[in-house]
Amino acid sequence: MKTRTLFNSLFIVAWAAMSLGVAVSCKEKPRTTDIIVKKSAPKPKKGVQKMDEYRQVRDVEWLGGTYKVVAERKPDTSLPQAEDEQGNRYYDNRITLTISRPDGTTFFNRTFSKTDFAKYVDGDNADGALLGIVFDRADGASLIFAASVGSPDKMSDEYVPLVMTISRGGTVSIAKDTQLDTVSDAADEADDEDGV
């Protein structure tokens, strides 16, 4: 009998503790309308950055032979610095374009900087960098290249597209690319072209 009474007492105590736990857990917690947001610290500006170097080598069928076109981009610390949309500073680039004849002799060799294209670049892009010169196509007696000047931030799409034409005599002409996906008509616009 003593055991039964002890068992009943323990059962009552356990039941009371469980009931108290349920009552406490079901109690509604006070709600607040305050929203807590961490204050973001301003991003410190980075030191002067460099764009990646690149080298493009293409074999091009032109004027009855295979010409080798090599374009190399390198940052140049001696040039005025470029700037992206956030005010980050970058070293501007020089791009050397070399075109070799089928016999290996040099047909064209010139190093370009942003100043060669300054006449065609305005607004925010004027503070940008020379981004690239890449071979596009051979068109009759000319080699056509796409060039661009703009934001040096590789995540940006802010730039001015340009068309650079090199004639069979080695003369360079530059024009704004008025066809965003093609450059065929831009090279023919004589009033926008200048010899460089």
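Trainee: Which residue of β2 stands opposite Arg58?

Mentor: A general point comes before the case. Strands of a sheet pair through backbone hydrogen bonds, and the pairing may be parallel or antiparallel. In this predicted model, the residue opposite Arg58 is Val69 of β2. The two strands concerned, β1 and β2 (residues 65-75), run antiparallel and are joined by nine bridges.

Trainee: How many residues lie between β1 and β2 in their hairpin?

Mentor: Two residues separate the strands of that hairpin, and Leu63 in the turn has a positive phi of about 55°.

Trainee: In what order do the strands of the sheet follow one another?

Mentor: The sheet is open, and its four strands are arranged as β1-β2-β5-β6 with antiparallel pairing. At the edges stand β1 (54-62) and β6 (106-112), each of which pairs on one side only. From one strand to the next, the twist averages 10°.

Trainee: How many bridges join β2 to β5?

Mentor: Eight bridges join these antiparallel strands. Within this pairing, Lys68 has Ser100 of β5 as its bridge partner. On its other pairing, β5 (residues 93-100) meets β6 over six bridges, again in the antiparallel sense. Here Ile99 stands opposite Phe108, and Ile95 stands opposite Phe112. The hairpin of β5 and β6 has five residues between the strands, and Gly104 takes a positive phi near 95°.

Trainee: Why is β5 described as largely enclosed by the rest of the structure?

Mentor: The description follows from burial: six of the eight residues of β5 are buried, so the strand is largely enclosed by the rest of the structure.

Trainee: Is Gln49 buried or exposed?

Mentor: Gln49 has a relative accessible area of 19%, and the cut-off for buried is under 20%; therefore Gln49 counts as buried. Gln49 is placed in the loop between α1 (2-26) and β1. Beyond its neighbours within four places in sequence, Gln49 is in contact with Asn88, Arg89, Tyr90 and Tyr91. A separation of 9.8 Å lies between the C-alpha atoms of Gln49 and Glu83, which are 34 residues apart along the chain.

Trainee: How much space lies in the largest pocket, and which residues lie nearest its centre?

Mentor: Again, the general idea precedes the case. A probe the size of a water molecule, rolled over the atoms, shows where empty space is left. The largest pocket holds about 310 Å³ of space. Its lining comprises 16 residues, and those nearest the centre are Met51, Asp52, Pro152, Asp153 and Lys154.

Trainee: What is the make-up of that lining by class?

Mentor: The lining of the largest pocket has eight charged, five nonpolar and three polar residues.

Definitions and conventions:
Residues numbered from 1 in each chain as written. Predicted model: local features only at pLDDT ≥ 70, side-chain atom pairs only at ≥ 80, totals over all residues. Heavy atoms only, no water. Pairing = 2+ DSSP bridges. Axes fitted to C-alpha atoms, helices over the stretch in contact; angles between N-to-C directions. Buried < 20%, exposed > 50% of the residue type's maximum accessible area, 1.4 Å probe, protein only. Contact = heavy atoms within 4.5 Å. 1 Å grid on protein atoms, 1.4 Å probe; cavity = no way out; pocket = protein on both sides within 12 Å on 5 of 7 lines; lining within 4 Å. Points joined across faces, edges and corners; volume = space filled by probe spheres on them. Nonpolar A, V, L, I, M, F, W, Y, C, P; charged D, E, K, R; others polar.
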